[in-house]
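Morning, everyone. Please look at the structure on the screen while I talk.

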Amino acid sequence: MTNEPAVRFRGAAAAVGGRTVWAGVDFTVDAGQFVAVLGPNGAGKSTLLKAILGLLPVSSGTITVFDRKPGQDRSRIGYLPQRHAFGSSVRIRGTDIVRLGLDGERWGTPLPGWLRGSKGREATARVRETIRLVGAEGYANRPIGQCSGGEQQRLLIAQALVRRPELLVLDEPLDSLDVTNQRSVSALIQSVCRSKGVTVLMVAHDVNPILPYLDQVVYLGHGSAITGTPEQVITPEALTALYNTPVDVLRDRAGRLVVIGQPDAPPEHPHGPQVHA
Amino acid sequence: MTGIAALGTGGWILSEPFMQNAFMAGTAVALLAGLVGHFVVLRGQVFAGDALSHVAYTGALAALAAGLDLRLGLFTATIGIGFALGLFGGRGASDDVVIGTTFAWILGLGVFFLSIYTTRSSTSDSTANVKVLFGSILGISSAAAQSEAWTAAGLILVLLAIARPLLFASLDAAGAAARGIPVRFLGPFFLALLGATAATASQLVGALLVFGLLAAPPAAARKLTDRPWTGFWLSGALAVAAVWAGLALAYWVPTLPSSFTITSAASLEYATAATASWILARNARIPASPDLSNPEATQGAGETAGSRHQ
């Protein structure tokens, strides 16, 4: 593991369709950190990930990923897009989905296994080892369409991890999972971060399942962002300053945070307490 | 194609030159249709593919009406419209309405070109319409068979060159884009390739029946395996088998038209595969039910669950 920062934003701004989504965003993610990107819907969380992946150029300022321009070194980044559930008709094994993470972008057609020789065996072993890492051995050979939401998510995390990336970028990996799976998938991501030293940058709708694991929070809102530890950022003072309107942060008896008064949040906003019934 | 050469030395069906032509062109085109069809089924673009075979009909008749080579119209129309469909139509079920309305009109346009062709041209071939619609695999010349085979071989190579990124993009477009796969280009490109496949295959089995080869073998293969590359090659093999079986049957029972026997063989493959997989699934479900009722529990029982699927 190198000492260079994994991700660095310096006065970065992004525009989609001519509209500035956020501007003046400054933060640094050090290697090995677990960082959450938070904010209400439409704050530009996914846009931020796209910028890091090099899929969207910054309109001003700079972003560097391992001291290089975004998109230049894709092999060091594992990416889990916003979840699209595989329908029950998708008859592709989980193993094959994970395998695509290894060499899915290479042109051509893979040779049958018995022709691939030692390289093929190595790849198969890597896939198996990654599946074991995420605890998906039990269903990796089942068609992914027949796996539950949590199982599919574990397999997709394995796909993002199979090339042993140094930075794992996750777009709402807990979305549409039940509470048990939210907890176990968060714990899995945390353990990958700590035991393998992988930097994790994760967009989250709801900070609570990952709150105990976080080193840093990037809170997007009102066209800008504030960053710091969760204790620094998820406070009435900091969020009021960000939104320029009174925002309250409540803590319930279980220690869960609830942000109230955040503008532009739709009624079913998951920071509301009803989600955690 | 080496398979054909091997069969040609001893097979008595192949002593007839027209059967040699049919087998040569049929094998290459079937392999192409089966391999392309694998992705058509995987991407949920069966309807788009069906629509493109209607375009093949209209393209062919437009060329005939204009007094041009039929193939020029076929390939220009199918490739062009396939690419446009991919660019503007998005993908999947959402554009069913667009496809449905546009392509009903395109088929109507084909009828329009047919009327121009039959009324204006004194030398018109009265069977042209039937040939375009239903194909003429037993009637093609040696030169035409060779050109079909080479075209199909070329298109197969193109598909093989893009197959792995196409699989990734088909299953997970966002993930594929993040890995540098030109997803926005691959979609239209694949539909153009599908159009070219429909154009090639329609000359053998006809515009209306192309889909017997493009959909049934991959659908059958999908019932038999959940490994994407096994399914890919199996789909090609099943399409070739359907053409061979169909040709042989049409040869032995001359009253049966070859397009009927080929599409029947392909449909029979699908029906057999569907039945087999249904029976296998029913038999497998009984011992498997304790796992399936509690997905989380399978993590602990990983060894047994994994080994069952080996």
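Start in chain B. Helix α3(B) meets helix α4(B), and the residues on the α3(B) side include B:Leu52, B:Val55, B:Ala56 and B:Gly59. On the α4(B) side they include B:Leu74, B:Ala77, B:Ile81 and B:Leu85. Contact here means that the C-beta atoms of two residues, placed from the backbone, lie within 7 Å. By class, this contact has 14 nonpolar, six polar and no charged residues. Ala, Val, Leu, Ile, Met, Phe, Trp, Tyr, Cys and Pro count as nonpolar; Asp, Glu, Lys and Arg as charged; the others, Gly among them, as polar.

A quick word on what you're seeing. This is a predicted model: local features need pLDDT of at least 70, side-chain atom pairs count only at pLDDT 80 or more, and totals for chains, interfaces and linings use all residues. Residues are numbered from 1 along each chain as its sequence is written, and chains are lettered from A and ligands numbered from 1 in the order in which they are written.

Back to the helix pair. Helix α3 of chain B covers residues 46–65, and helix α4 of chain B covers residues 70–88. Their axes come within 7 Å and cross at roughly 145°. Axes are lines fitted to C-alpha atoms, for helices over the stretch in contact, and angles run from 0 to 180 degrees between N-to-C directions.

What else is in chain B? It has 13 helices and zero strands. Helices (H or I, at least four residues) and strands (E, at least two) are DSSP runs, numbered from the N terminus. Of the 310 residues of chain B, 50% count as buried. Buried means 20 or more other C-beta atoms within 10 Å of the residue's own; exposed means 12 or fewer, partly exposed is in between, and C-beta atoms are placed from the backbone.

Now chain A. How many helices and strands does chain A have? Seven helices and 11 strands. Its radius of gyration is 19 Å, close to the 19 Å that the globule rule gives for 277 residues, so chain A is as compact as a globular protein of that length. That radius is taken over C-alpha atoms, and the rule is 2.2 Å times the number of residues to the power 0.38. In chain A, 45% of the 277 residues count as buried.

Next, the sheets. One open sheet of chain A has three strands in the order β2-β1-β4, with antiparallel pairing. Two strands pair if DSSP finds at least two bridges between them. β2 (19–29) and β4 (60–65) of chain A are at the edges with a single partner strand each, so one side of each has no neighbour in the sheet. Five bridges join β1(A) to β4(A). A:Arg8 stands opposite A:Thr64 in β4(A).

Another open sheet of chain A has six strands, ordered β5-β6-β7-β3-β8-β9, with mixed pairing. β5 (77–80) and β9 (224–228) are its edge strands. Inside it, β3(A) and β7(A) pair in the parallel sense over four bridges. There, A:Phe34 stands opposite A:Val200 in β7(A). Helix α1(A) packs on this sheet, with a direction about 150° from that of β6(A). Helix α1(A) also lies across β1, β2 and β4 of chain A.

Last, the two chains together. 29 residues of chain A are in contact with 31 residues of chain B. The chain A side has 12 nonpolar, eight polar and nine charged residues.
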